[in-house]
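Please read this briefing alongside the sequence and the coordinates.

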Amino acid sequence: MTIHEDIVESLARNRVGFVTTVPCKQLAGVIGLLEHDDRFLHVPSNKEDEGMGLCAGAFMGGKRAAIIMQNTAIGVTINALATLIQYYNIPLPMLISYRGEVGEKVACQVEMAVHTKALLAQLAIPTYHFHRAGDVGDLDGILAHCFMAKKPVAILMDASFWGGAK
Amino acid sequence: MIRSEVIKSIVPVIADHLVVCNIGLPSQELFMHDDRPSNFYMLGTMGLASSIGLGLALAQKAKVVAIDGDGSILTNLGTLPTIANNVADNFVLLIIDNGSYGSTGDQPTYAGKKTSLAEVARACGCENVVECAAQDTADVLKAALDAGRMTVIVSKCRSGNVPVSVIELDPGVIRHRFMQEIARRNR
């Protein structure tokens, strides 16, 4: 299985049925699989806070929901995380492409990478950093933990994890 | 009519449906007029009522009304293409358009100037868009719910507010009783 398939299968095993995405080059493989997989209702969103609203609604409607996004968008989601997801105790796995780490080719991406973990820590969001391909094996447990705790959880997936770091 | 009167006028129409209500005065007014477990009050997060409503409608079968405002739609304008392209025929988005940011002191919005939210919704691809006068809102909303087609309604009303109290319910209580009500309707 590819790393993209591993991620999708882990979501399915954990009964995630609704996924919203905002694309990133590193996430293209996962998004492409989700779009053609009947186990998931895939609703692309235009902005990540909008996506968190969709996920909150889907969760209350009985579908476990997840968001797939890039770390550069953490800033625009802070209010949605604090006043919707956390305030109403809504579980939300955030599968985040961690741009700006070792292997990055676009300098500007580093500017948000250096703030990513600090912002998540400030929000007291449990955060996991996938750096090696084998780290995907932790995803099942992280997703189960997220739905047990009814909290947002961040999984940062960097270029080394995706196999792009040289 | 002002927004509070529009909300009061639609209470008999929405009472049997799931309602996601916008932050601030709209939620406080709905709470005052007709608190029910089938109402989800947003205590924060301006702009996401329509997104929560769409996600809820897509995830289950019961009918959902999202009560939003012109200012909140403008703050999350990306919601309209998402709604247009992910049709949920159990979803009605009611935009109560008073041309102002009512909860913050009635500062004018662009929807009260040159921008037509009904035209924006149509341009985004929403297929059933109805703009109506405030006094017709209940009838238009009832027709949309009866038709079982995803509809965006823009209700044009006057700006202005009435005194209302803040909602003292805990967010966990709002969510819990709302989810119980959703589960009951989907059994």
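This is a predicted model: local features need pLDDT of at least 70, side-chain atom pairs count only at pLDDT 80 or more; totals for chains, interfaces and linings use all residues.

Residues are numbered from 1 along each chain as its sequence is written, while chains are lettered from A and ligands numbered from 1 in the order in which they are written.

**Chain B**
- Chain B holds eight helices and eight strands, these being DSSP runs numbered from the N terminus (helices H or I, at least four residues; strands E, at least two).
- The C-alpha trace of chain B spans about 45 × 35 × 30 Å along its principal axes.
- Of the 187 residues in chain B, 49% are buried, that is, with 20 or more other C-beta atoms (placed from the backbone) within 10 Å of their own.

**Contact between chains A and B**
- Chain A contributes 25 residues and chain B 27 residues to the contact, where two residues are in contact if their C-beta atoms, placed from the backbone, lie within 7 Å.
- On the side of chain A that touches chain B, the elements giving two or more residues are α3 (48-60) and α4 (74-86) of chain A, and α3(A) gives the most, with nine residues.

- Leaving aside neighbours within four places in sequence, C55(A) is in contact with residues including F18(A), I67(A) and G55(B).

Definitions and conventions. A residue is buried if 20 or more other C-beta atoms lie within 10 Å of its own, exposed if 12 or fewer, and partly exposed in between; C-beta atoms are placed from the backbone.
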